[in-house]
Every structure is written in structure tokens, then in C-alpha cells.
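Hi,

Here is the structure I promised to pass on. Have a look at it first, and then read my notes on the charged pairs below.

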Amino acid sequence: MKKKYFGTDGIRGTVGETPITPDFFLKLGWATGRVFAEEGQGFVLVGKDTRISGYMFESALEAGLSAAGVNTRLLGPMPTPGIAYLTQTLRAQAGIVISASHNPYYDNGIKFFSTEGTKLADELEHKIEHYLDQPMTTVASDKLGKAQRVSDAAGRYIEFCKASIPASIDFSGLRIVVDCANGSTYHIAPHVFSEVGAEVIEIATSPDGLNINEKCGATKPEQLQEAVIEFRADLGIALDGDGDRLIMVDHKGEVVDGDELIFIIAKARKDAGKLNGPVIGTLMSNLGMEHALKKLKVNLMRANVGDRYVMELMKKHNGVLGGEGSGHIICLDRTTTGDGIVAALQVLAEMHETGKSLYELKSEMTKYPQVLVNVRVSKKVDPNNNEVIQKAVQAVEKELGNDGRVLLRASGTEPLIRVMVEGADQYKVTQYAHQLADQVKN
């Protein structure tokens, strides 16, 4: 059954526009409370990133949960993966994250974690949506939920991150620039990396409610690239506003994206004999990663774009590693969801183990040029069912052979056809991408 409010990753939008309004969050808190009150006694964790609207939505959710008779524990600013971890370790009935991830400050959203620290089951999301369409009621005063703050949340999560690598590893002598995107890792990531011995230079760790993801973080690493060169650092680490994405920068100031980082971690796991199942990427994962993994005798499987689909395929094929080029990296042998800090520590551990720089590790994979052209269409079209377009695609695929690939997909949110061509030769790839885009336009 199609969901009315929940997308593939919770609910997200512009603050003040339906459904990202205080009255909706009040009702959502109540609906969530009703569902979990049926599941038994317990409490719900609520955490948020640093955007200004988080305070408003936190209060609304707390009031709604209380009206349904459910106790709330408030975490304050906390990375999304930290909330997943604490939901599991504190034995909460659910964890609620108030965040719009890498979006600007004027957006916000909400996502849920189950008591296992994983995405909420579809069945529970459907139940919450059922109550959202019912009139709101309030339990008797002696049954109202209570709220309290969790004072040691940050410290607990810092220790969890550090425990994701062997305690014997000491990063003394390593100089790192850490960019926290003025988001929810601002009071956590610098401590994690300095407590494992590295010298940390921190940037974008002064959130004011309005500067989250602004010209900083995993989606805009230019400031980090400059800082790595300026401070002669060994590398840079960029997280996004809610801490579930990671992009790194090597000592030369070059960006190391999610595909390259996944390859580095995969090779480390393979060398240690601890890589179970295939590596799970997406339709957009770079062909260079696929070829580099093949040399290691590791299979790459592609899921639809989106971490939910990556996770589904990982569980289906018993994989321990998956993610996206955007830097959403899931190490299921360490945690239950995408975690930027944990993923970064795995890369640092491999540098320590091999004695190689980040630049040397990423150089073991050759990224292929990838050109993406968006074609605006007037009506919904499935490019894969159009005979003329498919003939054009087959002709390009024949030219590219094993050294390239073509992907055409309709956007799920806009009237666009996305034309992606990938191959060894930048000039040819660009030429083919525009040629196919013209064919789609016609």
C-alpha cells in the first residue's frame, strides 16, 4: 500500500510548508505515541541536528508523545547514526531524528529508527499514517508521558565510534582537518579523532542554526580542500549536517568520494579475510570501482539510488559493506546504518595498517569519467520502453564495449530524464551523453 506521508527516507521539506509544520509534528508525535503505546511500555528517543527549526519541532513532538501517554528522552543535537546507536543501546522503543540531512537550514524533516537501530518497518509507518488521519485525543492526566534529557548521549556515542577500530591503533603524528558542516557532529567528531591520537584542526564547528551545510561539509568540500593545503595536513574529513555522509580529501587537496572510500574499506576487509558477501553500490556507482573490485575477486551488486535500497540488498545477500558515491557508507559489521565518523575511522585504520597515504590508497582504483545530462520532459516517459531511445542506447553501448556503460532513468521527483554515460575517454563520454540527450528530447 502506498504511503501518504513517508518517502524512502522519512518525511522532508521546507519549514512552514505542509507537512513540515508544528501542528503536523504535534500530530505525528501523538500518532507515533499511539502506535508505540500499543507495542508496550517504554520510551521514545528524540534527537536533532543544529538547524534553528529543530527546537520548535522537538517541542511539538514531545507534546504529541506526552498526549499519547509515551515517555520521551531528549538527546539534543546528535548525529543520525548516533541516534540509531542510542536507540539500540538504551533499549528505546524507537528513535526519532529531526533533520534534513545535507539540505539547507530552511528545510527540515523526520526519520525513525527501530529498537534495533534500523529503519522502521513499513508496517509501523502504515500504522502511524493511520493515526495521522484520526482525531487527536489526550490520555488522562495521570497517564501523560514525561520527558527528560539524556545528559551523557555525546560521550556514549564518542566511545562507540572509537570502539569501531582496534584499541591498539594510535594515530599520533597524523594531522587531520575535520569539517563538521556546522551540523550535529560539531561536538563529537573532533573529540573522536583527537582521542584516537590524531592532531585535529576543526572547521565548520560553530553552528548558529542558520549555517548548517552552508559552503561546508560533505556536499561542498572546497573549504576543506583549501584548509588541508594551508595546514599541510595528511588528509581532510567532511561530514554532512546529520553525520551520515563522508567525503575525504587527500594531502594533495583532491577529493576522495564515496565510491573510492568504499573500495578502500572493501580492500581492507578482503585483505583481512573479513569481507562477507558482495559489495553493494547503486546504479550510479562508478564503473572504475566495479573493475577495481573485480580485480580483488569481489562482486559489486547495484541497488536503486537511495540508502534504503542499498540496505535491503545488503541484508538480502548477507553483505557487510555498501553505499553511494555521495558518501553514504554502511559498514554493517560495525554499525546498523550509514555513519560518516565510523567510515572515516575504517579508512584511517587501513592507512595505519598499510603505511600508505590516502592518495596512495585511492590510486589503486581508477575512476572513470561520468557525464550526467538532465533532459526536461513535458510528460512522464519511461526511456527504457521507448524503441527509438533504446536503439540509440544500444549503439552507444556497442561503441563503449566493456569500458563504459549507459544509464537512463526517470527522476522520481521532477519531470526529468537523467542521461548518464560513463567510460574511459572523457571526450567520447561527453559526446555520447549529449547525443543521447538530444535523442531523448526529440
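Which residue does lysine 4 form a salt bridge with? The partner is aspartate 133, and the closest N and O atoms of the two are 3.3 Å apart. Lysine 4 sits in the segment before β1 (11-14), while aspartate 133 belongs to the loop between α4 (122-132) and β6 (147-149), so this pair ties together parts that are 129 residues apart in sequence. Lysine 4 is exposed, at 57% relative accessible area, and aspartate 133 is partly exposed, at 45%.

Before you go further, keep in mind that this is a predicted model.

Next up is aspartate 244, which forms a salt bridge with lysine 111, with 3.7 Å between the closest N and O atoms. The aspartate lies in the loop between β9 (235-239) and β10 (246-250) and the lysine in strand β5 (residues 107-114), so parts 133 residues apart in sequence are tied together here. Aspartate 244 is buried, with a relative accessible area of 5%, and lysine 111 is buried too, at 5%.

Then there is aspartate 333, whose side chain meets that of arginine 269 in a salt bridge (2.6 Å, N to O). Aspartate 333 is in the loop between β15 (329-331) and α11 (340-354) and arginine 269 is in helix α8 (residues 258-271), so the pair links parts 64 residues apart in sequence. Aspartate 333 is partly exposed, at 29% relative accessibility, whereas arginine 269 is buried, at 8%.

There's also a network of salt bridges that links Lys3, Asp122, Glu125 and Arg308. Across the whole structure, the search finds 29 salt bridges.

Cheers

Definitions and conventions
Residues numbered from 1 in each chain as written. Predicted model: local features only at pLDDT ≥ 70, side-chain atom pairs only at ≥ 80, totals over all residues. Heavy atoms only, no water. Salt bridge = Lys/Arg side-chain N within 4 Å of Asp/Glu carboxyl O. Helix = DSSP H or I, 4+ residues; strand = E, 2+ residues; numbered from the N terminus. Buried < 20%, exposed > 50% of the residue type's maximum accessible area, 1.4 Å probe, protein only.
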